[in-house]
Amino acid sequence: GKVLQVVSDITTDTTTVGSTTFTDVTNLSVSITPAATSSKILLIASMSGRNYIESNALKEYKLAFVRGSTIVYQKYAYDLEAATGANGRYVSPIQDLSFVDSPSSTSALTYKVQMAVSDVSNNTFIQARTTSSLIAMEVAG
């Protein structure tokens, strides 16, 4: 299909999430109004940040694309098991996400990225920092 429009956003703000509830990445969202209900929206995000855990426990870090308030795609971002002890461990992953949404709408749509952790024990958190970006492309259906 033909690309009809492209919108993007970028942030260097830091967002720290130590919760099992999906939470917005600060200042990272795009709004797009499809020309037809048959259009698809290709979403691409590049997230740079870090994960943290203390002690010895397997954790899952999650990222999601959200349309309005609805999660349309989620990905387990990283599995991390720290060394035994309280020193903790940081990992600095670059996480790339992509997804094709079929919103069947010609209304303005807002997309954003959210993050969560599998559980909050061992002082676990995920952090978006440095530079993260979000692109939405309308593709003719």
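Author: A nonpolar core is a set of buried Ala, Val, Leu, Ile, Met, Phe, Trp, Tyr and Cys residues joined through side-chain atoms within 4.5 Å; buried means under 20% relative accessible area, exposed over 50%, and partly exposed in between, with a 1.4 Å probe and protein chains only. The model is predicted, so local features need pLDDT of at least 70 and side-chain atom pairs pLDDT 80 or more, while totals for chains, interfaces and linings use all residues. Residues are numbered from 1 along each chain as its sequence is written, and side-chain values use heavy atoms, with hydrogens and water left out.

Reader: Which residues touch the most other members of the largest nonpolar core?

Author: Met 47, Phe 65 and Val 113 do, in a core of 25 residues. Among the strands that each supply at least two residues of this core are strand 4 (40–53), strand 5 (58–67) and strand 9 (109–117). Strands here are DSSP runs of E with at least two residues, and helices are runs of H or I with at least four, numbered from the N terminus. The protein chain has 0 helices and 11 strands.

Reader: Why does Phe 65 count as buried?

Author: Its relative accessibility is 0%, and buried means under 20%; Phe 65 therefore counts as buried.

Reader: What makes Phe 65 and Tyr 73 an aromatic pair that is tilted?

Author: Rings of Phe, Tyr and Trp (its six-membered ring) pair if their centres lie within 6.5 Å; planes under 30 degrees apart count as stacked, over 60 as edge-to-face and the rest as tilted. For Phe 65 and Tyr 73 the centres are 6.2 Å apart and the planes stand at 35 degrees, which makes the pair tilted.

Reader: Why is the pair of Tyr 73 and Phe 99 called stacked?

Author: The ring centres are 5.2 Å apart and the planes lie at 20 degrees, so the pair is stacked. Tyr 73 belongs to strand 6 and Phe 99 to strand 8 (residues 94–101), so this pair ties together parts that are 26 residues apart in sequence. Phe 65, Tyr 73 and Phe 99 form one aromatic cluster.

Reader: Why does Tyr 73 count as partly exposed?

Author: The value for Tyr 73 is 26% relative accessibility, which falls between the limits for buried and exposed. Phe 99, at 22%, also counts as partly exposed.

Reader: With which residues is Ala 36 in contact, leaving aside its neighbours within four places in sequence?

Author: They are Ser 105, Thr 106 and Glu 138, where contact means heavy atoms within 4.5 Å. Ala 36 lies in the loop between strand 3 and strand 4.
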